[in-house]
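Here is a walk through one protein model. Keep the sequence and the coordinates side by side as you read.

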Amino acid sequence: MINRAVEFAKHNTPNSMRVAARRAQMETRNTRMRLTVPVVSRSEFDNIFHCTVRKTGSQWIKALFSDPTVYRHSGLLPYDPRFYAGGATAPVPRGRVGLAIFLSHRRFEAVPKAGTYRAFFVIRDPRDVVVSSYFSLRNSHAPMGDIPQARKALQEKSKKEGMLYVIDRLRDKKQFGQMRSWAVAPPAETFRLFRYEDLTGDRQAEEVDRLLRHCGITLPPSDLTALLARYSFTKMKKDKETPGRISHYRKGAAGDWRNHFDDDIYAAYTAAAGDLAEVLGYPARDAVAARPDGPDPAAR
């Protein structure tokens with residue numbers, strides 16, 4: 001009964017109230033962590049910026065960087081700019097990890113920085129992003145912004161028509177362009193690209209360790225193992241599958257787009273994204289996908 005009430009409130013509360021509540025919840029949690037979790041080592045950087053597009057495991061990344069273990073070994077508190085005035089283009093306070101920043105490389109570079117920083121951008125095969133976006137928008141994403149309208153449209157369409165609709169939506173929201181902007185940006189010490197497929201694949205611990213070290217954060221191996229176990233996709237999916245709730249996590253595999261794209265869908269994707277997949281280093285349509293399968297968190 002309580003879970004159903006929470007879900008009803010989540011899906012019917014005005015967006016402005018939901019944002020205010022999430023901001024208050026985050027600040028309360030940060031205050032408690034600052035008072036109760038001793039910092040044993042600090043990152044050498046004043047800020048970390050997690051840049052990405054939707055459907056690349058952003059909620060999972062957010063969970064990792066919001067965990068007390070990461071705070072204990074970095075001294076950096078989580079900060080989601082979506083819940084504060086100015087949003088992603090406003091400065092992130094010193095001593096915070098800016099999470100889920102959905103900006104092109106050019107726009108990110110224009111954001112004022114508080115001091116020294118490291119940024120990372122998570123990429124994913126854009127064709128799998130289309131598929132993940134389709135199922136999330138149609139079935140499970142919280143109904144904020146224009147998502148209720150998109151959901152209604154998708155539920156009235158066939159899957160093929162829905163995929164075409166999502167491709168147009170991602171193009172119009174500049175998501176393909178954002179991914180390309182980071183892929184072709186001049187190399188710099190301050191930012192690095194990480195593949196979603198690597199962060200969720202067979203060598204996850206090694207890749208997450210590489211990500212954290214880029215951010216000036218070093219976790220003891222036992223702490224890293226425990227951290228990844230706490231936020232395994234299987235566990236997160238199970239935690240969401242309580243009565244009255246819709247799981248926001250859908251199991252998929254790298255290259256899952258091949259199960260959903262026909263010639264017409266692929267032509268529409270190419271018209272919208274061009275050679276983006278190849279620019280990002282993913283196999284062309286006629287190549288055999290060689291990357292390991294990985295779970296697909298349909299996280300915002």
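The paragraphs below take the charged pairs, then the cysteines, then the nonpolar cores.

The model is predicted. Start with charge. Side chains of opposite charge can pair when their charged atoms come close. How many salt bridges does the structure hold? The count is 19.

Take Asp-46 and Arg-94. They form a salt bridge, with the closest N and O atoms 3.1 Å apart. Asp-46 sits in the loop between helix H2 (15–36) and strand S1 (47–51), and Arg-94 in the loop between strand S2 (77–79) and strand S3 (96–101), so the pair ties together parts that are 48 residues apart in sequence. Asp-46 is partly exposed, at 22% relative accessible area. Arg-94 is exposed, at 53%.

Next, look at Glu-156 and Lys-152. Their side chains meet in a salt bridge of 2.8 Å, N to O. Glu-156 is exposed, with 58% relative accessibility.

Now move to Asp-263 and Arg-285. Their salt bridge brings N and O atoms to 2.7 Å. Asp-263 belongs to helix H14 (residues 263–273), whereas Arg-285 lies in the segment after helix H15 (276–279), so this pair ties together parts that are 22 residues apart in sequence. Asp-263 is exposed, at 55% relative accessible area. Arg-285 is partly exposed, at 34%. Elsewhere, salt bridges with shared partners join Lys-62, Asp-80 and Arg-82 into one network.

Turn to the cysteines. How many disulfides does a search of the whole structure find? It finds zero. Cys-51 is buried, with a relative accessible area of 1%. Cys-215 is buried too, at 0%.

That leads to the interior. In soluble globular proteins, nonpolar side chains tend to be buried together. Here the largest nonpolar core has 45 residues. Which of them touch the most other members? They are Phe-49, Phe-108, Val-130, Phe-176, Phe-261 and Tyr-269. At least two residues each come from S1, strand S4 (117–123), helix H6 (126–140), helix H7 (147–155), helix H8 (159–172), helix H9 (175–183), H14 and H15. H6 gives the most to this core, with six residues.

Phe-49 deserves a look. Leaving aside residues up to four places away in sequence, Phe-49 touches Val-92, Gly-98, Ile-101, Phe-108, Lys-113, Tyr-117, Arg-118, Ala-119 and Phe-120. A second core is separate and has 27 residues, including Ile-48, Ala-63, Val-122 and Leu-199.

Terms used
Residues numbered from 1 in each chain as written. Predicted model: local features only at pLDDT ≥ 70, side-chain atom pairs only at ≥ 80, totals over all residues. Heavy atoms only, no water. Salt bridge = Lys/Arg side-chain N within 4 Å of Asp/Glu carboxyl O. Helix = DSSP H or I, 4+ residues; strand = E, 2+ residues; numbered from the N terminus. Buried < 20%, exposed > 50% of the residue type's maximum accessible area, 1.4 Å probe, protein only. Disulfide = S-S within 2.5 Å. Core = buried A, V, L, I, M, F, W, Y, C linked by side-chain atoms within 4.5 Å. Contact = heavy atoms within 4.5 Å.
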